Every structure is written in C-alpha cells, then in structure tokens.
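Reader: Could you walk me through this one, strand by strand and helix by helix? I'd like the cut-offs along the way.

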Amino acid sequence: MSKLIQPPKGTRDFLPEEMVLRRKVMETIRESFALYGFVEIDSPVFEYFELLSRKCGSEIEKEIYVFEDKAKRKLGLRFEFTSPLGRYYATNAEKLTKPFKRYIIGKVYRYENTQAGRYREFYQADADIIGSYSMNVELELLDLAVFTLEKLSMGNYEIVINDRKILDGIINAAGIDESKKDAALRALDKTAKIGEAGVIKEFNENGIGEGNYRSFMRLIDLDPGLDDAKKLTALKERINEYVKDESIKNKTNEGIEELSFIIENERKAGACEGLNVIKFDPLLVRGLGYYTGPIFEIKSKDISIGSFAAGGRYDNLVELYGSRPEGACGISFGVERIIDIVTERDKDIFKSLSSPVRLYIVYLSESERTSALKTAKFFRLKGINAELSVSEGPNIGKEIKYADKKGIEYIAVIGGREASEKKLTLKNLKTRKEIFISAEEAAESIK
RNA sequence: GUGGAUGUAGCUCAGCUGGUAGAGCCCCGGAUUGUGACUCCGGUGGUCGCAGGUUCAAAACCUGUCAUCCACCCCA
C-alpha cells in the first residue's frame with residue numbers, strides 16, 4: 001500500500017461491520033457508568049502542553065503529541081483523562097456537585113511504538129470520583145468494573161490490587177533510600193517478567209544493593225495458604241518491626257487498613273460477591289507518578305494482552321491544578337483492548353451482530369417509486385432503520401444479494417401487485433420465508 | 001528511542017541458485033429478465049510497500065525509507 005493511502009502509524013480505519021461491535025462495547029460501558037450514577041462530561045482533545053506534562057514523568061512526556069498553534073501556543077493531545085480531569089475540576093469546581101462522579105469516553109493519543117493492543121490513537125473510558133477520601137469510592141469503582149465486565153462477557157479476569165502506602169512502607173523497611181524508590185519500584189513491577197536475576201540487575205544499575213532486594217522479598221514472602229486479610233495483617237507486623245519513622249509506619253498501617261477494607265467488603269457484598277477475582281499483590285506498582293493510595297489493575301486470564309483496565313487513588317491531583325485538596329480516585333478502561341479480547345474470545349462475533357439497517361426496500365419499476373418512497377418513510381417514522389434501493393432498474397436477485405451481504409435481515413419488495421393492493425412482500429433473508437402483508441403488519445414483525 | 005522478523009491482486013498466500021508474476025477466495029458478467037448462500041462458464045484486477053544502487057537482466061541481491069508484527073521501554 002502506498003504511503004498516501006495508509007492511515008498514519010498507529011491509527012486505524014474501521015469498517016461498518018467493525019463499528020457495530022465497537023459501538024456495542026462503548027454503549028455497554030456507557031450504560032454501566034450511567035447505571036452507577038456517573039454523569040458524562042467532555043473536554044478538549046488538546047490542552048496546553050504544560051498542563052499535560054505537569055507531573056507525568058519524563059517517559060510519558062515523550063509520548064505526548066506536541067504542536068504549536070498559529071499564535072505559537074504550545075499544545076498537546078491528551079494522552080489520558082486524568083490530567084485533563086484535574087484541569088476540568090479546577091476550572092468548574094464551583095459549578096460541580098460534590099462528590100463529583102463523572103465519566104468520559106473518548107480518543108486519547110500517545111506517540112509510542114505500536115504493537116498488538118497498542119495504538120497511537122485509541123479510546124479510553126474513564127470513571128472518576130472527586131471529593132471523597134472514603135474507601136467507599138474504591139468499593140464503588142471496583143463494583144462498577146466487575147459489573148461492566150460481566151455485561152461485556154469478558155471471560156476470566158483478575159483484579160490485582162495493592163496500595164502505594166504499603167509499597168512505601170516496604171521500601172523503607174527494606175532499607176531502600178527514598179531517592180531510589182521509583183527505580184526500585186519500576187524494577188520490582190517487572191518481577192514476573194524478568195525474574196529475580198533481572199530485578200537484581202536493575203537494582204544494581206540504579207545503585208541499589210542485592211541485600212535490599214532480598215529484604216524486600218523476605219518482607220512480602222507470605223504464607224500462600226493465608227487469605228488476603230491474614231496476609232495483610234502479617235505484612236503489617238513485619239513492616240512495623242523494621243520501620244523506624246513513625247509517620248511512615250502510620251501511613252503503612254493506613255494502607256493496610258484501606259486494602260483490607262476494600263477486599264473484605266467487595267467480596268462480601270459487592271459485585272465480586274462469590275467471585276474470587278480480587279487479589280492482593282504486593283508487587284503491583286503501576287506507572288504514573290500521581291497515585292497515593294490503593295491501585296489496581298484488571299487483566300484477562302484467557303488472553304495475554306496486558307491489563308485492559310486500571311486505576312487508583314490520587315488524592316493530590318486537583319491540588320496540582322490549583323483547586324483545594326480533595327480526595328480523588330478513578331478507573332480507566334482500555335476500550336481497544338476490551339474489543340480485542342471480545343473478538344479473540346468469539347471469532348465469529350462479527351457474523352452474529354446484524355447490521356444497524358433493519359430493512360431494505362426494493363421497488364421493481366418506476367411506477368412503484370412513489371409508493372416505495374412513502375413506504376420507506378413510514379418505516380423510518382416507526383423508528384425502523386430502512387434503506388431504500390438507489391439502483392435504477394433493479395434486478396431482484398442482485399438486490400437480495402446486496403442486502404444479504406450487508407447483513408440486513410429483512411427485504412421489502414414492492415412491485416406492481418404490491419403497489420395496487422397497497423401491500424408489500426416481506427422476506428426474511430435468514431429464514432428465506434416471505435409473506436405478502438401490509439406495511440403496518442411488516443413493521444410489527446420487524447420490531 | 002533500541003533490537004529482530006515481515007511487506008507480492010480487495011483477502012490468504014506461492015514464486016527454487018536473479019531471466020520483468022501465479023493459485024484459492026472475493027468481485028463483475030452470463031447460464032437464471034419478481035428472489036441471494038450450491039454448481040458451471042467467462043472476465044476485471046498487481047508502479048511485487050516506496051526510493052536509490054549492483055546487473056545485459058531485480059519481486060528476488062545491497063542501502064535507505066515507510067508500514068505491520070514481536071521483544072525491550074512504557075502502558076489501556
């Protein structure tokens with residue numbers, strides 16, 4: 001394919017039949033959000049670069065699409081919804097009812113190398129709650145996530161959860177210097193991928209000793225037979241033993257309490273009731289710098305494509321954009337990855353989704369044109385998506401083939417006989433049966 | 001940003017140690033002028049990703065470039 005007719009790197013065109021599924025997935029997410037009482041907002045696709053880059057880390061900053069407008073303002077395309085949300089909240093705080101529960105579904109942009117499930121332009125769906133420090137928020141968001149994923153038939157998945165406060169405690173207890181915390185966490189996050197030796201190597205490269213690694217691992221080496229609540233208690237005792245600093249100790253204990261509360265209640269009464277999908281993992285880190293409390297990630301157990309939803313608490317967010325401090329927590333769904341998983345799980349899904357067009361109307365000669373136009377309008381007013389043939393001198397065989405290829409279920413034929421009797425021949429393309437009925441009757445059977 | 005693989009018809013791919021392209025599916029027409037998924041017959045369709053280079057000769061070899069996939073990085 002020549003360069004000119006290719007979409008730019010990392011972007012894609014979607015065919016009508018793909019759009020049916022995409023729309024369905026996004027509508028399902030939208031409906032779930034609404035069912036949980038979130039209201040929809042929108043904000044610009046681009047913001048001032050300075051705003052986007054504020055406290056997002058240099059790695060992410062490299063991924064922002066930057067451009068100048070004609071007045072030389074430096075702008076960037078949003079790469080996620082959290083920083084735009086911070087700005088949105090700061091701008092509109094007085095008009096918003098708190099706690100502010102909002103959702104947004106839209107395109108975000110990242111200048112990075114593409115891979116399966118990774119694009120430069122992709123949809124994200126975010127639900128956030130600003131204005132509460134309560135763990136009830138986490139409970140609600142996780143509940144929402146499970147509810148949505150069940151509606152999407154996502155198969156087997158797992159919610160991995162951890163808390164930044166606990167991580168800070170373990171880091172401190174393992175004797176890792178505060179200044180090297182980020183590097184240590186980044187390496188530890190990769191444990192499953194690069195193994196013990198890999199992590200130690202990264203530790204060394206960042207001037208952190210193997211001893212620190214061993215201490216860290218010893219601290220989180222908990223009896224696998226214990227349930228998460230007991231693991232958390234055991235971990236708490238160990239950390240408290242090694243941490244000298246009182247404030248860090250308190251923070252850690254806070255984190256332990258937060259997680260215990262979330263896991264216990266979610267299993268007891270939330271959407272996770274009876275499902276063993278929430279799992280504490282002391283090695284879950286998550287990238288973005290702004291998380292301050294519980295963090296979580298949702299992954300498919302059937303298909304390895306990375307996490308398809310993630311989130312956490314970032315109590316310092318709105319402060320960063322000039323508002324009074326408020327508790328904030330959110331979850332983000334990777335729409336593209338969800339679609340990839342749904343498609344992967346059911347390869348024939350496109351065939352099972354019918355066209356948004358319900359009826360195809362064909363007339364056989366010019367004398368039936370008026371009658372066909374009126375019939376089409378009749379169905380449209382009834383709320384039935386109807387396509388009227390635009391071919392001249394229609395060939396009935398070809399018309400049927402066309403409608404069938406487009407996945408339209410019904411075809412209405414209007415010929416001389418139909419026009420004179422003010423009826424139509426309605427054919428169901430799946431069952432191949434046809435009946436000679438009035439438009440009213442046809443509308444009933446199509447609905 | 002780094003490393004690797006790949007790029008041939010709308011799609012999936014074949015094309016040997018260099019001798020200027022083929023199959024299946026799709027599509028179009030006909031058998032079948034008010035009835036489509038099967039069958040049969042015929043047909044359209046390719047600057048071999050793009051640009052250079054080597055050669056009498058390049059889809060093939062070399063270089064660059066663009067894109068896709070994979071592994072890093074990071075993340076939805």
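Reader: Which residue in β11 does Q124 stand opposite?

Author: Quick caveat first: this is a predicted model, where local features need pLDDT of at least 70, side-chain atom pairs count only at pLDDT 80 or more, and totals for chains, interfaces and linings use all residues. Residues are numbered from 1 along each chain as its sequence is written, and chains are lettered from A and ligands numbered from 1 in the order in which they are written. Strands here are DSSP runs of E, at least two residues, and helices are runs of H or I, at least four, numbered from the N terminus. β6 and β11 pair in the antiparallel sense over 7 bridges, pairing being at least two DSSP bridges between two strands, and the residue opposite Q124 is G334.

Reader: And what is the bridge partner of G311 in β11?

Author: β11 also pairs with β10, in the antiparallel sense and over 5 bridges. In that pairing, G311 has as its partner I331.

Reader: Which residues come nearest to RNA strand B?

Author: Near means that the C-beta atom, placed from the backbone, lies within 6 Å of the strand. There are 51 residues around RNA strand B. Those that come nearest are A116, G287, G334, D404 and G415.

Reader: Which element gives the largest share of that surface?

Author: Elements giving two or more residues to the surface near RNA strand B include β6 (121-130), β10 (307-313), β11 (328-334) and α13 (335-345). By class, the surface divides into 14 nonpolar, 17 polar and 20 charged residues. Here Ala, Val, Leu, Ile, Met, Phe, Trp, Tyr, Cys and Pro count as nonpolar, Asp, Glu, Lys and Arg as charged, and the others, Gly among them, as polar. The largest share is 6 residues, and it comes from α16.

Reader: What stands opposite K427 in β16?

Author: β15 and β16 run antiparallel and are joined by 4 bridges. Opposite K427 is E434.

Reader: Is the crossing of α1 and α5 left-handed or right-handed?

Author: Helix α1 (residues 16-35) and helix α5 (residues 136-151) pack at about 145°, with axes 10 Å apart. T28, I29 and S32 in α1 meet L144, F147, T148 and K151 in α5. A crossing is left-handed if the near helix is turned anticlockwise from the far one by less than a right angle, and right-handed if clockwise. This one is right-handed.

Reader: Why does E258 count as buried?

Author: E258 lies in helix α11 (residues 246-269). Leaving aside neighbours within four places in sequence, E258 is in contact with M135, D163, G293 and P294. E258 counts as buried because its C-beta neighbours inside 10 Å number 21.

Reader: And what share of chain A is buried?

Author: Chain A has 18 helices and 16 strands, and its C-alpha atoms fill a box of roughly 95 × 60 × 50 Å along the principal axes. Of its 447 residues, the buried share is 36%.

Technical notes
Axes are lines fitted to C-alpha atoms, for helices over the stretch in contact, and angles run from 0 to 180 degrees between N-to-C directions. Two residues are in contact if their C-beta atoms, placed from the backbone, lie within 7 Å. A residue is buried if 20 or more other C-beta atoms lie within 10 Å of its own, exposed if 12 or fewer, and partly exposed in between; C-beta atoms are placed from the backbone.
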